[in-house]
Amino acid sequence: MTHSISEMRENPTHSDPGTWAPFFPCRLSGGIQAEETSIATVREFFQRHFKEIYAASIAEGGFSPLPESWAEKEGFYSRHADLFRFHDEGRTVGVYVGNALDWSTYYLRHVSFLPSHQGQGHFQEFFARFLEALAARGMERAQAHVSPANLANIHILTKLGFTVTGYELSERWGANVCLTKFLTQRSLEAFLKQFCWGTKPQLQH
Ligand SMILES: CC(C)(COP(=O)(O)OP(=O)(O)OC[C@H]1O[C@@H](n2cnc3c(N)ncnc32)[C@H](O)[C@@H]1OP(=O)(O)O)[C@@H](O)C(=O)NCCC(=O)NCCS
């Protein structure tokens with residue numbers, strides 16, 4: 001079972017204004033704004049731009065030998081996920097989808113920007129703020145699965161303090177590196193103490 005942060009509040013809906021206050025909505029550098037959004041906006045963004053954003057992967061034959069329908073995905077997203085859009089004077093230039101896996105673990109599920117808006121620091125800026133929001137809501141850790149080929153995403157996550165915590169091979173997505181950002185000192189120390197030998201730069205920040 002997974003939940004959006006909204007669901008985990010007592011009586012929430014996605015349209016609750018203030019679910020993410022005081023962190024979102026917010027203005028990022030370059031005049032881009034990040035705000036919670038609807039499933040319709042996310043659907044429209046994917047329908048219009050998926051091919052453009054993932055052209056290289058599509059040319060290689062797509063992501064998965066087991067294609068999954070948008071209808072199933074949409075049902076999950078609308079019931080369980082937190083949905084954000086990035087807009088440039090009203091035009092959606094990127095979307096972000098995440099969900100809680102349990103009461104203390106949050107999952108970065110998807111993020112994509114239009115090619116014209118990639119590489120300008122927007123995701124780093126947004127996600128640093130999003131992690132602060134998760135910590136403020138008592139989340140203990142944030143997790144992500146990233147293709148070993150996606151150097152940009154791995155770079156961003158390690159820069160934001162994520163630690164490699166595993167590796168996964170699945171029939172859906174192939175190989176993925178699992179990365180975790182520990183949002184509390186106690187969970188960070190527990191992981192490093194139990195599983196890691198050697199230098200621990202994470203403890204120096
Ligand atoms: C991955 C993605 C979400 C990152 O968002 P973004 O706003 O472009 O990222 P930022 O501009 O904040 O940061 C990019 C960083 O990656 C680095 N980078 C870019 N290409 C890189 C590469 N090939 N190897 C290593 N690092 C790379 C940049 O130098 C920058 O780091 P720096 O600030 O330390 O110099 C965006 O590029 C995107 O939408 N990509 C296509 C969809 C995708 O891959 N989504 C993730 C899988 S769900």
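1. The side chains of Arg48 and Glu44 form a salt bridge, with 3.7 Å from N to O. A salt bridge is here a side-chain nitrogen of Lys or Arg within 4 Å of a carboxyl oxygen of Asp or Glu. In general terms, side chains of opposite charge can pair when their charged atoms come close. Both Arg48 and Glu44 belong to helix 2 (residues 39–53), where they are four residues apart, about one turn of the helix. Arg48 is exposed at 60% relative accessible area, whereas Glu44 is partly exposed at 42%. In these terms, buried means under 20% relative accessible area, exposed means over 50%, and partly exposed lies in between (1.4 Å probe, protein chains only).

2. The model under review is predicted: local features need pLDDT of at least 70 and side-chain atom pairs count only at pLDDT 80 or more, while totals for chains, interfaces and linings use all residues. Residues are numbered from 1 along each chain as its sequence is written, and side-chain values use heavy atoms, with hydrogens and water left out.

3. The protein holds seven helices and eight strands. Helices (H or I, at least four residues) and strands (E, at least two) are DSSP runs, numbered from the N terminus. Of its 205 residues, 40% count as buried. Among contacts with a separation of 6 or more, 61% come from residues 24 or more positions apart; contact means heavy atoms within 4.5 Å.

4. The structure has five salt bridges, and one of them joins Arg85 and Glu35, whose closest N and O atoms are 2.8 Å apart. Arg85 lies in strand 3 (residues 82–88) and Glu35 in strand 2 (residues 33–36), so the pair ties together parts that are 50 residues apart in sequence. Arg85 is buried, with a relative accessible area of 15%; Glu35, at 23%, is partly exposed.

5. Another salt bridge joins the side chains of Glu140 and Arg186, at 2.8 Å from N to O. This pair links distant parts of the chain, 46 residues apart: Glu140 is in the loop between helix 5 and strand 6 (141–146), and Arg186 is in helix 7 (residues 185–195). Glu140 is buried, with a relative accessible area of 10%, but Arg186 is exposed, with 62%.

6. Helix 5 (residues 122–136) packs against helix 6 (residues 151–159) at an angle of about 40°, and their axes are 11 Å apart. Axes are lines fitted to C-alpha atoms, for helices over the stretch in contact, and angles run from 0 to 180 degrees between N-to-C directions. The contact involves Phe123, Gln124 and Phe127 of helix 5, together with Asn153, Ile156, Leu157 and Lys159 of helix 6. By class, these residues are four nonpolar, two polar and one charged (nonpolar: Ala, Val, Leu, Ile, Met, Phe, Trp, Tyr, Cys and Pro; charged: Asp, Glu, Lys and Arg; polar: the others, Gly among them).

7. Two cis peptide bonds deserve a check in the viewer. The bond from Ala21 to Pro22 is cis, with omega near 5°, and a cis bond with omega of about 5° also joins Phe24 and Pro25. Pro22 lies in the loop between helix 1 (5–8) and strand 1 (26–27), and Pro25 is likewise in the loop between helix 1 and strand 1.

8. Glu89 is not a glycine, yet it has a positive phi of about 50°. Glu89 is placed in the loop between strand 3 and strand 4 (91–102), and its relative accessible area of 80% makes it exposed.
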